[in-house]
Amino acid sequence: MSGEGSSSTNNNKVALITGITGQDGSYLAEFLIDKGYEVHGVLRRSSSFNTGRIQHLYGKPACHTGGRMHLHYGDLTDTTCLISIISKTRPKEIYNLGAQSHVKVSFELSEYTAQVDALGTLRLLEAVRVAGLEKDTKIYQASTSELYGKVVEVPQNENTPFYPRSPYACAKLYGYWIVVNYREAYNMFVCNGVLFNHESPRRGENFVTRKITRGVAKITLGLMSYLELGNLDSKRDWGHAKDFVEAMWLILQQDEPEDFVVATGEAHSVREFVEKAFACVGRGVVWKGRGVDETGHDADTDQMLVKVNPKYFRPTEVDLLLGDPAKAKQKLGWVPRGFVQILWLC
Ligand code: NDP
Ligand code: GDR
């Protein structure tokens, strides 16, 4: 697989995506292929198939016979392979989406999360320099609203100070600043997209939106009796992943490298998400009890549908994230969709 080099290295439209098998990577690959790019992706070796989100792309003539999608085994913890892939493919644009991206898991895998999310970003930047491409290659870094953590202002914009609240956010903080530093030190075209939560039917099943929508479906089909959740009162600014990958591309099409907040500008609680998800199958939810004893019941039958389980609480929580996408709207001409559609698309 790694033997497949770039078939059109003089082409300006050659992109490399780390994290191509993830939610965002799969939408971005689709988006770039449709725009005529030759797309290279870094694929982690796994004992079971991890290409489910991009499998359908092989069916596309442009990818299958047109040679527009290539996967290379690699890992953000392996400098040598990054140098090799970048030297061979000579991408004009790199999208660094690869990460251990689960906030709760990062408390258990803190060192690994730092290796991938923090040092992985540094390795990628250095690999571009070692390949001698620092003046030719634009780089997008997947930064996150989790950087704002215990927020110091609402809504959060490009000037809001950071206050990370998890090993994941601390690792991403390093990623953010090393990108800024390489831009200033080496005049590289490297940008942070500070993206707020974005979801889709391809979202990992242990993130709260997919967990809720799948839970509601299973309860409706009689395959599960109730859903167990953690903090019901945290609020997130949820958008759709398809919209957000377009913003990533737009960020790299600007004349100057800059950082952008990408968000919908609307926040909703997990509790509200649960209520709206059950409303989709015609059920109202009535809440009883408080804190760890809180439960949600069917408004008509009193059947218990939701139960709080402290196992899903985080040692330090991020209570409210609400982004101000004014700069992205004004400079990129980027427009997000609303919350109602999101529920349908999850
Ligand atoms: P996913 O968890 O769906 O995808 C993560 C991707 O990274 C997968 O392709 C995964 O591979 C890959 N990956 C994990 N570890 C490594 C590693 N050591 N080396 C190389 N690749 C690795 O995340 P999303 O698509 O949701 O997010 C994309 C990026 O954007 C991430 O960096 C995330 O932190 C960031 N982000 C996401 C937001 C969101 O709401 N979705 C918001 C803000 C930022 P595999 O498939 O093999 O596991
Ligand atoms: P988040 O997403 O931590 O914001 O990170 P997640 O969906 O995991 O949590 C959102 C909020 O829901 C609360 N919650 C639960 N979360 C999960 N996963 N499972 C539960 O059972 C549950 N119950 C309540 C959480 O406490 C939290 O407040 C995502 C990731 O994609 C990051 O990579 C990205 O950087 C940020 O979004 C922006």
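**Entry 1: R271.** I started with the salt bridge between R271 and E294, where the closest N and O atoms are 2.6 Å apart. This pair links distant parts of the chain: R271 belongs to helix 9, while E294 sits in the loop between strand 13 (285-288) and strand 14 (295-298), 23 residues away. I checked burial for the two of them, and both R271 and E294 come out buried. This is a predicted model, so I read the distances as model values.

R271 also meets D233 in a salt bridge, at 3.1 Å from N to O. Again the partners come from distant parts of the chain, 38 residues apart, with R271 in helix 9 (residues 270-279) and D233 in the loop between strand 8 (227-229) and strand 9 (235-236). R271 has 17%, and it counts as buried because the cut-off is under 20%.

**Entry 2: other salt bridges.** I looked up the total, and the structure holds 15 salt bridges. One of them joins the side chains of D259 and R183, 2.8 Å from N to O. I noted that this pair spans 76 residues, from R183 in helix 6 (residues 167-186) to D259 in the loop between helix 8 (241-252) and strand 11 (260-262). Both ends are buried: D259 has a relative accessible area of 11%, and R183 has 15%.

I also found a network of salt bridges that links E146, R236 and E317. I kept R236 and E317 in mind for the next site.

**Entry 3: ligand 2.** Which residues come nearest to ligand 2? Of the 22 around it, they are S101, T144, Y168, R314 and E317.

Then I went through the polar distances. A polar side-chain atom of T144 lies 2.6 Å from an oxygen atom of ligand 2. For R203, an N or O atom of the side chain is 2.9 Å from an oxygen atom of the ligand. On its own ligand 2 has 700 Å² of accessible area, and the protein covers 95% of that. I sorted the shell by class and got seven nonpolar, nine polar and six charged residues.

**Entry 4: ligand 1.** Here 25 residues form the surroundings, with T21, R44, D75, S101 and Y168 the closest. S101 and Y168 are also on the list for ligand 2.

A polar backbone atom of L97 is 2.9 Å from an oxygen atom of ligand 1. The side chain of Y112 has an N or O atom 3.1 Å from a nitrogen atom of ligand 1. R203 turns up here too, its side chain holding an N or O atom 3.1 Å from a nitrogen atom of ligand 1. The protein covers 90% of the 900 Å² that ligand 1 has on its own.

Where does the shell come from? Helix 1 (23-34), helix 5 (110-130), strand 5 (138-144) and helix 6 each give at least two residues. Strand 5 supplies the largest share, three residues. By class I get nine nonpolar, 11 polar and five charged.

**Entry 5: surface.** Last, I looked at a nonpolar surface patch made of L221, L223 and M224, with about 330 Å² of accessible area together. L223 lies in the loop between helix 7 (208-220) and strand 8. Its relative accessible area is 64%, so L223 is exposed.

Notes
Residues are numbered from 1 along each chain as its sequence is written. Chains are lettered from A and ligands numbered from 1 in the order in which they are written. This is a predicted model: local features need pLDDT of at least 70, side-chain atom pairs count only at pLDDT 80 or more; totals for chains, interfaces and linings use all residues. Side-chain values use heavy atoms; hydrogens and water are left out. A salt bridge is a side-chain nitrogen of Lys or Arg within 4 Å of a carboxyl oxygen of Asp or Glu. Helices (H or I, at least four residues) and strands (E, at least two) are DSSP runs, numbered from the N terminus. Buried means under 20% relative accessible area, exposed over 50%, partly exposed in between (1.4 Å probe, protein chains only). A residue is near a molecule or strand if one of its heavy atoms lies within 4 Å of it. A polar contact is a pair of N or O atoms within 3.5 Å; within protein, one must be able to donate a hydrogen and the other to accept it, and residues adjacent in sequence count only if both atoms are side-chain atoms. Accessible areas come from the Shrake-Rupley method with a 1.4 Å probe; for residues, only the protein chains shown count as cover. Ala, Val, Leu, Ile, Met, Phe, Trp, Tyr, Cys and Pro count as nonpolar, Asp, Glu, Lys and Arg as charged, and the others, Gly among them, as polar. Patches are made of residues with over 30% relative accessible area and no salt bridge: like charges are joined within 9 Å, nonpolar side chains (Val, Leu, Ile, Met, Phe, Trp, Tyr) within 5 Å.
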